[in-house]
Amino acid sequence: MALSSYTLYVIIGCGLVTFIPRVLPFIFVRKLQLPDVVIRYLSYVPLCILTALFVQSLLVTRENGFPGINFENLLASLPTIVTAILTKNLMWVVIVGIISMAMIRFFA
Amino acid sequence: MEKENELSFYDGVKACLPTVLGYAGIGIAAGVVGKASHLSLLEVALLAIIVYAGAAQFIISGLLLLQSPISAIIFTTFLINSRHFLMSMAEAPHFKKYSLWNNIGIGALLTDETFGVSMNQIGNKKPVSAKWMHGINVTAYLAWIVACIVGAFIGNWLPNPEQFGLDFALSAMFIGLLYLQVVSDKSKKMSTSLFVMLLVALFLIVFMRVMSPELAILTATLLGCLMGVILEKWR
């Protein structure tokens with residue numbers, strides 16, 4: 001059950017910088033009425049962030065160059081996407097994703 | 001009238017359940033990785049309880065193993081999690097009528113997944129309530145903590161979790177949430193959504209050439225949202 005002070009400082013600091021951006025908008029937005037265009041802008045956030053997170057999982061960062069392709073993840077994504085379309089169920093998507101990746105690593 | 005029809009805490013728990021298995025997979029992986037990075041069980045648990053952020057916990061474990069400077073680890077975490085600011089901005093207007101403490105509670109436990117689940121509901125023009133949101137958040141939070149601790153135990157005797165594809169759970173979750181977002185958001189035309197997605201992908205690839213992956217995600221998202229609004233006005 002060791003807990004070094006180094007690790008403890010990191011955990012508390014990381015907790016704070018995670019907590020503040022999550023909570024600030026909930027404190028401020030209550031006070032003001034956002035204009036329609038801002039609300040429309042924000043309605044695109046989930047679509048764009050999830051796209052960016054997904055596409056990034058397909059890429060490998062390269063120093064001083066365009067990113068390369070992560071073929072393992074690309075390959076595992078295909079059955080995962082098909083599962084999403086067929087089942088529309090998050091649980092199945094994750095299960096098939098994990099199994100696909102395990103199979104790819106097992107045979108590759 | 002409105003009070004009677006309000007979604008309950010339990011409705012939120014039910015709405016969150018389909019994601020719990022995803023959490024379990026990623027949380028176990030995060031616990032295993034933490035253990036592999038020589039963190040103690042207590043340290044893995046504290047990471048889950050205090051930081052509570054999937055992608056960040058993997059990276060923090062990695063950086064702790066490298067004995068990186070505290071300031072560098074905290075700044076990296078800030079960059080990775082600053083996307084939550086945007087999510088909170090999008091989520092907060094829907095909970096304006098609730099008390100400050102309710103709002104702080106909702107914000108404190110906001111994650112990619114609980115955001116995805118609730119925005120699906122909002123995009124479908126279905127009702128939401130603070131209690132319902134707490135139900136989602138608390139379920140996810142507890143599932144995450146338990147999964148991380150289980151993962152730390154497993155980590156003691158399973159040296160290589162990647163072999164079992166556990167690290168792909170996070171990407172798989174993003175795929176599922178993204179698909180549900182595209183097909184269920186009735187406030188957007190499908191063609192507009194797909195075009196915006198294509199643009200975000202292109203922006204991301206270009207930005208990753210010149211900035212850190214975390215910044216590239218944020219910038220591509222900010223520009224993508226702008227393109228979405230412009231496309232709507234122009235069509």
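Biologist: How many residue pairs are in polar contact between chain B and chain A?

Modeller: This is a predicted model, where local features need pLDDT of at least 70, side-chain atom pairs count only at pLDDT 80 or more, and totals for chains, interfaces and linings use all residues. Residues are numbered from 1 along each chain as its sequence is written, chains are lettered from A and ligands numbered from 1 in the order in which they are written, and side-chain values use heavy atoms, with hydrogens and water left out. A polar contact is a pair of N or O atoms within 3.5 Å; within protein, one must be able to donate a hydrogen and the other to accept it, and residues adjacent in sequence count only if both atoms are side-chain atoms. Between chain B and chain A, with both residues at pLDDT 80 or more, the count is 15 residue pairs.

Biologist: Which element gives the most to the side of chain B that touches chain A?

Modeller: By class, that side of chain B has 24 polar, 11 charged and 61 nonpolar residues. Here Ala, Val, Leu, Ile, Met, Phe, Trp, Tyr, Cys and Pro count as nonpolar, Asp, Glu, Lys and Arg as charged, and the others, Gly among them, as polar. Helices (H or I, at least four residues) are DSSP runs, numbered from the N terminus. With 13 residues, the element that gives the most is H10(B).

Biologist: Which residue of chain A forms a salt bridge with Glu232(B)?

Modeller: A salt bridge is a side-chain nitrogen of Lys or Arg within 4 Å of a carboxyl oxygen of Asp or Glu. The rule finds one across the interface of chain B and chain A. Its closest N and O atoms are 2.5 Å apart, and the partner of Glu232(B) is Arg40(A).

Biologist: What area is buried between chain B and chain A?

Modeller: Buried area is the accessible area (1.4 Å probe) that two parts lose on being put together, summed over both. Contact, meaning heavy atoms within 4.5 Å, takes 96 residues from chain B and 71 residues from chain A. Carbon and sulfur atoms give 77% of the buried area, which is about 7800 Å².

Biologist: What area do domain 1 and domain 2 of chain B bury between them?

Modeller: An automatic or database domain assignment divides chain B into domain 1 (9-186) and domain 2 (187-235). In contact are 12 residues of domain 1 of chain B and 11 residues of domain 2 of chain B. Of the area buried between these domains, 71% is on carbon and sulfur atoms, and the value is about 960 Å².

How values were computed: Helices (H or I, at least four residues) and strands (E, at least two) are DSSP runs, numbered from the N terminus.
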